[in-house]
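Here is a set of questions and answers to read alongside the model. Have the viewer open and follow along.

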Amino acid sequence: MDNGVPTGANDTPPILEVRNLVKHFAIGKSLSFKRNAGVVKAVDGVSFELRPGETLGLVGESGCGKSTVARTLLRLEEPTGGSAFFRGQDIFKASPQELKAIRRRLQVIFQDPYASLNPRMTVAEIIGEPWVIHPDALPRAERGERVRSLLENVGLRREHAERYPHEFSGGQRQRIGIARAMALDPEVLICDEPVSALDVSVQAQVINLLMEIQERMGIAYVFIAHDLSVVRHMSHRVAVMYLGRIVEIGTEGQVYNHPRHPYTKALLSAEPPLDFTSARKKHQRIILKGEVPSPANPPSGCRFRNRCWKAQDICAGDAPPLESKGGHMAACYFPEDDNTAAP
Amino acid sequence: MTTAEQEALIIRRGVPWWRLLARDKFALAAALWLLILFACFLVGPELFGKAATSLNLRARNLPPGSLEHGWLMFLGGDALGRSMIARLIVASRNTLTVALCSVVFAMIAGGILGLIAGYIGRGVGHVIMRFADILQSFPSLLLAVVVLYVLEPSVTNLIVVLAITRMPIYLRVTRAEVLEIRERVFVDASSALGGSSYHILLRHIAPVVAPTLLTILTVDFSIVMLAESSLSFLGIGIQPPEITWGLMVAQGRNYLSQAWWLAFFPGLAIMLATLSGNILSNWLRIVSDPEQRWRLETPRKSDE
Amino acid sequence: MSETPVLKVDDLRIQFRSGRETVHAVNGASFQVNAGETAAILGESGSGKSVTASAVMRLLQSPPAYVSGGTVHFKGLDVLAMPLDRWREYCGRDVAMVFQDALTSLNPVFSVGWQIAELFRTHGVASGKEADERAVELLERVGIPDPAARSKDYTHQFSGGMRQRVMIAMAIALGPDLLIADEPTTALDVTVQAQIMELLESLREESDMAMVLITHDLGVVADAADNVAVMYAGRVVESGPVAEVLSRPGHAYTLALLDSVPQARGKGGKLRPIIGSPPDLARIPKGCAFNPRCRFATDICRQEVPPSVAMAEGRVAECHHADQVFNDG
């Protein structure tokens with residue numbers, strides 16, 4: 001499979017580099033390897049780069065493996081193959097001490113604001129936990145004040161430090177999670193569906209907060225979501241995933257305005273347009289047939305082929321590699337380059 | 001209300017625990033009773049030792065209810081005319097020692113093994129679970145009988161035997177809880193921050209498991225007291241002249257038709273002790289859980 | 001010459017009473033749907049939209065829920081006044097409901113074919129083999145491949161989108177006049193969502209069925225609905241044709257909602273979140289419920305419940321400053 005790591009326009013070295021990441025889950029008893037019922041190929045060769053201060057949106061539907069990518073990068077799961085580098089340091093081969101040092105710089109916020117905070121700890125304890133794990137990061141005497149200033153930075157109040165998570169709303173809890181992730185001054189933040197579980201009007205608060213933090217502190221985000229418009233709003237570059245692989249990657253303008261991969265096109269057309277300022281007509285929707293195949297049994301060759309209106313025999317053979325057109329890459333033998341009409 | 005005020009949480013005065021205790025009449029009564037028991041435990045044998053052993057053949061099998069022979073005989077006299085009240089108080093020390101020590105040891109041993117089995121899993125976990133299976137397969141009473149028959153039935157041996165037979169349940173429950181908590185997102189968050197297994201077990205898992213174990217402990221408390229009573233009945237429990245409530249029940253069994261109070265009051269003592277333990281542990285469980293505490297804090301009528 | 005609307009809800013009020021407090025879940029909801037139309041009820045969590053739907057179907061348990069005012073008319077019949085047994089006859093046959101989570105709404109121990117056939121059997125429409133055959137036909141109609149074999153499968157053997165189709169099949173089995181869909185696509189992927197909405201649309205066109213679509217998703221409203229009723233804190237604060245309401249809202253909440261969603265008002269720039277959070281339904285602010293979060297709010301908003309302002313034919317907004325909002329949008 002081609003390495004197809006896209007390089008951005010500028011020459012600053014990437015802060016996060018992922019090459020051919022593979023994560024398979026075995027189905028069946030772990031003790032008897034021979035009787036493996038099968039393998040779920042959750043992530044099957046994902047490569048991308050992240051530059052300092054930019055946001056890479058990782059978008060895809062359920063089962064595409066985007067959350068697994070996040071968990072594997074954080075080494076909450078051990079990868080089956082491939083490599084990932086943080087500032088040149090190999091994340092997967094790092095020793096426990098090296099990994100701990102990397103974790104100070106590579107942080108995460110989770111999707112579920114209700115489950116990601118320990119209900120028995122006060123907000124101060126939750127935000128302060130990073131310093132308990134990394135005592136050298138901040139002297140004990142300064143921690144109390146830092147907790148309160150972090151709370152203010154995320155738009156909460158200093159008095160909230162003594163409260164428990166259940167006293168807060170979903171949006172506020174997500175902010176507490178963000179404050180916790182900021183405690184160690186990370187350089188990269190992996191956001192695993194951070195607004196999906198929130199109400200529409202609250203999503204805006206958290207999105208604004210994340211963008212403001214990025215402006216102020218220059219943190220790079222890997223922003224994982226299934227909501228296309230949110231990803232579009234936040235990201236500089238976007239990667240589209242399908243069944244464990246990246247099918248398209250490019251700048252936000254490239255991917256949203258001139259999608260090259262048929263799946264991207266279908267995905268974009270499935271989201272109804274919200275622009276009411278122009279006269280609304282019933283837009284032509286591409287309705288894909290069938291459903292996403294199981295990652296335990298993906299189609300051979302191009303995984304999208306049995307739902308694609310363009311599929312030919314060649315698509316069942318070797319999987320199409322990511323081909324670049326001016327930095328905008330798509331894994332398709334028949335990309336939508338001349339704006340051919342939808343089926 | 002301005003938006004700023006809306007955003008701010010109402011500054012509630014946290015209610016201190018003693019006031020919460022005072023509000024809950026049952027928990028308060030339970031706490032007081034346990035306090036009394038604790039006092040008996042501490043100074044009972046010293047204060048009432050003599051009265052518990054002094055024979056008074058005129059008060060043999062004296063029925064309860066009269067103050068003729070003094071207030072100590074209010075609950076009656078046993079077969080040798082000794083004061084029931086005094087014997088109950090003196091017996092509390094041994095009873096509580098045996099019961100508390102065995103359940104606490106069972107909880108600690110079972111809890112630690114369960115934490116290991118649940119968190120690490122794989123080989124070690126399997127071995128521990130099979131060990132627990134074996135332990136649980138023996139009828140606990142039979143195991144106790146065998147062990148105590150071979151060794152001497154002393155207080156220490158009794159505690160060890162009872163602890164071992166009770167341990168598997170703590171082990172299983174701990175392991176089951178750990179398996180579930182381990183998957184929770186806040187544990188992932190701690191891992192992602194760099195938390196070691198040790199840190200996670202201590203900071204996140206143990207505090208969530210502990211209340212469940214304490215609840216089981218209070219139920220186990222009564223089971224152990226009754227088990228000890230059965231062992232005494234079989235003659236391999238505490239040996240006279242040492243005395244426990246269980247032994248008193250066992251001894252009183254023979255006189256049920258003539259002197260029911262010989263078995264009744266020790267039985268009642270066991271029941272009240274376990275009931276208080278249950279009520280108080282239930283209250284403690286609610287108080288120590290931040291999410292549940294509001295149930296006790298919110299007063300009946302609306303604040304406004 | 002006005003047709004009787006299929007569903008007409010007038011000033012519905014619902015309370016949840018517990019020992020300690022009363023939660024005003026719905027405080028005056030009014031809307032209607034005509035045959036062949038899709039009406040959307042748009043609101044976030046806590047707006048009262050799901051409670052309203054449950055009340056129409058009379059699924060609420062009393063206690064703790066009580067209808068404290070208002071009426072519901074189905075094709076002219078007073079739903080809330082009639083005995084529950086009688087209303088039950090209408091359920092499934094004339095009015096049907098589709099829920100958000102098919103996994104918990106369908107019975108896990110019976111095959112899907114059996115469950116659909118059961119509908120025919122219970123309502124005395126068909127029995128035995130005929131019922132089974134019609135069930136298979138229905139599965140085919142909703143787009144389930146290999147329907148004969150699949151009708152013997154159980155709920156958990158279907159994927160999310162397929163389960164939703166099964167639920168829709170059950171809902172339309174007896175050809176109802178009204179379909180209430182409570183967040184039917186919220187749990188589904190975007191491409192599957194498109195398929196399901198397409199299916200609902202074609203079913204509706206075929207049979208001239210009226211549909212009430214309850215959702216928090218502006219996109220779904222924009223795409224599928226003819227009319228929309230926006231709910232906030234238990235009241236319908238604005239209603240009217242979708243295109244008009246969403247392009248030039250008359251209520252501050254609708255405007256604020258549109259401002260806070262990416263892409264809704266044209267790309268670029270910072271989103272304008274609505275500050276604060278929805279009110280505690282046990283302590284609804286005096287006057288207009290939205291006033292603490294509204295940028296147009298003035299003193300009158302804090303004192304008096306806003307009147308219904310007729311903005312155009314069939315368009316209503318309950319705002320003291322409806323003109324201002326309309327011109328700002």
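Q: Which residues does C:E318 touch, not counting residues up to four places away in sequence?
A: This is a predicted model, in which local features need pLDDT of at least 70, side-chain atom pairs count only at pLDDT 80 or more, and totals for chains, interfaces and linings use all residues. Side-chain values use heavy atoms without hydrogens or water, residues are numbered from 1 along each chain as its sequence is written, and chains are lettered from A and ligands numbered from 1 in the order written. With contact meaning heavy atoms within 4.5 Å, the residues touching C:E318 are C:R235, C:V236, C:V237, C:H251, C:P306, C:P307 and C:S308.

Q: Is C:E318 buried or exposed?
A: C:E318 sits in the loop between β12 (315-317) and α13 (322-328) of chain C; helices (H or I, at least four residues) and strands (E, at least two) are DSSP runs, numbered from the N terminus. Buried means under 20% relative accessible area, exposed over 50%, and partly exposed in between, with a 1.4 Å probe and protein chains only. The relative accessibility of C:E318 is 10%, so the residue counts as buried.

Q: Which strands stand at the edges of the open sheet of chain A?
A: This sheet has 8 strands with mixed pairing, in the order β6-β7-β8-β3-β9-β10-β12-β11; two strands pair if DSSP finds at least two bridges between them. Each edge strand has a single partner, so one side of it is left without a neighbour in the sheet; these are β6 (106-109) and β11 (323-325) of chain A.

Q: What angle does the direction of helix α6 of chain A make with that of β8(A)?
A: Helix α6 (residues 200-217) packs on the sheet of chain A, touching β3, β6, β7 and β8. Axes are lines fitted to C-alpha atoms, for helices over the stretch in contact, and angles run from 0 to 180 degrees between N-to-C directions. For α6 and β8 of chain A, the angle is about 160°.

Q: Which residues have the most contacts inside the largest nonpolar core?
A: A nonpolar core is a set of buried Ala, Val, Leu, Ile, Met, Phe, Trp, Tyr and Cys residues joined through side-chain atoms within 4.5 Å. The largest one has 62 residues, and α6(A) gives the most to this core, with 7 residues. Leaving aside neighbours within four places in sequence, the contacts of A:L210 include A:I109, A:Y221 and A:F223. Those with the most contacts inside the core are A:I178, A:L189 and A:L210.

Q: How many residues of helix α9 of chain A are buried?
A: Helix α9 (residues 262-270) is mostly covered. Its buried residues pack against α7 (228-234), β9, β10 and α8 (252-257) of chain A, together with α8 (190-207) of chain C. Among the buried ones are A:Y263 and A:L267, and the count is 8 of 9.

Q: How much area do chain C and chain A bury between them?
A: In this interface, 38 residues of chain C are in contact with 32 residues of chain A. Buried area is the accessible area (1.4 Å probe) that two parts lose on being put together, summed over both. Carbon and sulfur atoms hold 55% of it, and the total is about 3,400 Å².

Q: Where in chain A does pLDDT stay under 50?
A: pLDDT is the predictor's confidence in each residue, from 0 to 100. The mean for chain A is 86, and 89% of its residues reach 70 or more. Where pLDDT is low, the predicted coordinates should not be read in detail. The stretch under 50 is residues 1-9.
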